Amino acid sequence: MPRSRRTAAAAVPLLASALLLTACGSGGGSDGGDADGKAEGGITFQTWNLRSKFKDYFEGLVGEFEKQNPGVRVKWIDQPADNYAEKLSADAGGGTLPDVVNVSPDLSYPLAKAGLLLNLDREQAAAKFKDEYTPEAWQGNVLPGLDGSYAFPWYLNTGPLFYNKALFRQAGLDPEKPPKSYDELFATADALAKRSGGKTATLAGTPSIEDFGRYGVRLMNSDATKFTYNEPKGVELLTQYKELYAHGGLDAQALTNTAEQAGQKFLEQKVAMNPGSAHDLDTFKQSAPGLYKELGITDAPNNTGKPNMYVMGLAVSKQSKHKAAAVAFAHFVTDRKNQEDFAHKVAVFPSTKGSLDDPYWTKDDGTDEGRVRVASAKMLKGAVNYTPVVLSEEMKVVLKNEVAKALQGKKSPQRALDDAVAQSDKLLKQS
């Protein structure tokens, strides 16, 4: 089950195939049935790496829908996490895109741009359900430059920031007052480095695009045709990270650490803070009981007041021959009851209005899992998806490499970000 929004390959091949399909005249049409008609006919429903753990749940869900809609038959198919984007590309190119398909915004964007997905805001049969979802979740599936949302909001996720209270205490910092803003983060990191004689770094990784977003940097223009994170505020953030690196606030291998390596550094208590999720708790408990005993849980630093979230949705193929059935089923899977049922089975969060007010997501039950669940659910109110839907894996690497050059002093922060933006804009035009 994909925890974040981008565990598949970059969407460039998908976009190329989808646009080729449209150019050939077989895509972009609305040759399916009327979405306002009666729900009937056979439809396909594709999920993303969910069968192994949730087979009974989804078979029961399909059975219940068919019972309520005797004229509809749903064929459930599940694709593995690996090469999911390539599978969507092949389906788009072959005209076999499932009627209802599990997507994240970065995967729905090229399909929607090619005219292959239903615009839910423009289709009355779907738009009437909009108010059932939180504004943040619906907005998370709105695609830049395409004037609408292209997927029913399904499950959401976010993650707290874990910190080591013992390392805070040793540096003379209050372990009950972790940093909330980036200014506080940099001050904390500086204190940890100085008071430990350079032995304790605060973070094990360099800033990602999400950090720029949480800092308050404008990442792209309004129609997502150009990157803008080289604006003065972006330069300001990178300049502070450069100073942090020079003072020992970042791990010595921060320039090359992967997310897994950064997590290992935290596990070994070599860095004081690291992002994570409820899934990490068992690892801490089993592999680092000393750390587990001193584990602090907080929100990631934020200057905007809006935390980051990951979004999953269910899109409806514009070419579906049974649109009414497809819309009805996508809504059924994502209605409040079914979202809450699913979110009780796995560490995700429902996107329906009122769901996160339930005691399950608001009351700490005394367990560490409960603490993470309640803290994460609280973060989702007002959260946004900072990662641009057009940002490919290649563009992420470009940013990481240019950031590294700035931290090493090989380029000024301004030049590094200017070069990252120029390279990414070029890649964007090629997609």
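This section describes strand pairing and helix packing in a predicted model. Because the model is predicted, local features were required to have a pLDDT of at least 70 and side-chain atom pairs a pLDDT of 80 or more, whereas totals for chains, interfaces and linings use all residues. Residues are numbered from 1 along each chain as its sequence is written, and side-chain values use heavy atoms, with hydrogens and water left out.

Helices (H or I, at least four residues) and strands (E, at least two) are DSSP runs numbered from the N terminus. Strands are taken to pair if DSSP finds at least two bridges between them. Strand β1 (residues 41-48) is paired in the parallel sense with strand β2 (residues 72-79) over eight bridges. Within this pairing, W48 has Q79 of β2 as its bridge partner. Between β1 and β2 the chain passes through helix α2 (residues 51-68), and the resulting β-α-β crossover is right-handed (with the strands pointing away from the viewer, the path from the first strand over the helix to the second runs clockwise).

A three-stranded open sheet has the order β6-β5-β7 and antiparallel pairing. Its edge strands, β6 (273-275) and β7 (295-298), each pair on one side only. Neighbouring strands of this sheet are turned against each other by 25° on average, direction ignored. Strand β5 (residues 161-164) and β7 run antiparallel and are joined by four bridges; the partner of F162 in β7 is I297.

Axes are lines fitted to C-alpha atoms, for helices over the stretch in contact, with angles from 0 to 180 degrees between N-to-C directions. Helix α18 (residues 393-407) packs against helix α19 (residues 413-430) at about 165°, the axes lying 9 Å apart. The two helices are therefore roughly antiparallel (angles over 145 degrees). Their crossing is right-handed, a term for the near helix being turned clockwise from the far one by less than a right angle. Contact (heavy atoms within 4.5 Å) involves residues including M395, V398 and L399 of α18 and L417, L427 and L428 of α19. By class, this contact comprises 10 nonpolar, two polar and three charged residues (nonpolar: Ala, Val, Leu, Ile, Met, Phe, Trp, Tyr, Cys and Pro; charged: Asp, Glu, Lys and Arg; polar: the others, Gly among them).

The axes of helix α12 (residues 280-287) and helix α17 (residues 368-380) come within 10 Å and cross at roughly 145°. This crossing of α12 and α17 is also right-handed. L281, D282 and K285 of α12 meet D368, E369 and V372 of α17, giving a contact with two nonpolar, no polar and four charged residues.

Definitions and conventions: Parallel < 35°, antiparallel > 145°, perpendicular 65-115°, else oblique.
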